[in-house]
Amino acid sequence: MSEELLRRLADRVEIAELSATYNRAIDDLDGKTVAALFTEDGVFDLGRGRPREGREDIERLVERIPYGTVHATTDAVISIEGDRAAQVSTLLLCKRRRDRAEAGYWLSGRYHDELRRTDEGWRFCNRRAELDLVE
């Protein structure tokens, strides 16, 4: 297997892990971890309100999200060119109660991501949610 192919496969795995870490951190309302998954100048657009810019702004946003979401992303299509990548993935959001007495499907959509390789690894430089249902 060529070194280039191994690098591309490793990049895809790292980007998939970045997305999975984001899902867990945002579900746990861990703003510090979510913010660290973005570049310093990263932009996070939830499709409602103004896009958040920079790690501090992203961290504050996440800390204001109410408890109860479960993020699942699937069917990621990733294109990589050098130290830049783009990813489009299907987003499924569920709602849950703290007491675990009830959970269910809430809405769907897509994430449109621009990523950049940094000294910290792959990071989102722009993550935009395009939601199918908006309350």
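**View 1. The lining of the largest pocket is made of 12 nonpolar, 2 polar and 5 charged residues.** Here Ala, Val, Leu, Ile, Met, Phe, Trp, Tyr, Cys and Pro count as nonpolar, Asp, Glu, Lys and Arg as charged, and the others, Gly among them, as polar. The model is predicted: local features need pLDDT of at least 70, side-chain atom pairs count only at pLDDT 80 or more, and totals for chains, interfaces and linings use all residues. Residues are numbered from 1 along each chain as its sequence is written, and side-chain values use heavy atoms, with hydrogens and water left out.

The pocket has a volume of about 390 Å³. Of its 19 lining residues, Leu46, Arg48, Ile65, Thr69 and Trp106 are the closest to the centre. (On a 1 Å grid over the protein atoms alone, a pocket is an open set of points where a 1.4 Å probe fits, with protein on both sides within 12 Å along at least five of seven lines; lining residues have an atom within 4 Å of a point. Points are joined across faces, edges and corners, and the volume is the space filled by probe spheres set on them.)

**View 2. Strand 4 gives the most to the pocket lining, with 3 residues.** Strand 3 (69–81), strand 4 (84–96), strand 5 (103–118) and strand 6 (121–131) each supply at least two. Strands (E, at least two residues) and helices (H or I, at least four) are DSSP runs, numbered from the N terminus. Gln87 is found in strand 4. At 2% relative accessibility, Gln87 is buried. (Buried means under 20% relative accessible area, exposed over 50%, partly exposed in between, with a 1.4 Å probe and protein chains only.)

**View 3. Arg50, Arg52, Glu56, Asp57 and Arg60 are linked in a network of salt bridges.** In a salt bridge, a side-chain nitrogen of Lys or Arg lies within 4 Å of a carboxyl oxygen of Asp or Glu. Arg60 pairs with Asp57, the closest N and O atoms being 3.5 Å apart. The two are 3 residues apart in helix 3 (residues 55–63), so about one helical turn separates them. Arg60 is partly exposed at 41% relative accessibility. Asp57 is buried at 8%.

**View 4. Asp99 forms a salt bridge with Arg97.** Their closest N and O atoms are 2.6 Å apart. Arg97 is partly exposed, with a relative accessible area of 37%.

**View 5. Arg128 forms a salt bridge with Glu130.** The closest N and O atoms are 3.6 Å apart. Arg128 is partly exposed at 33% relative accessibility. Glu130 is partly exposed too, at 38%.
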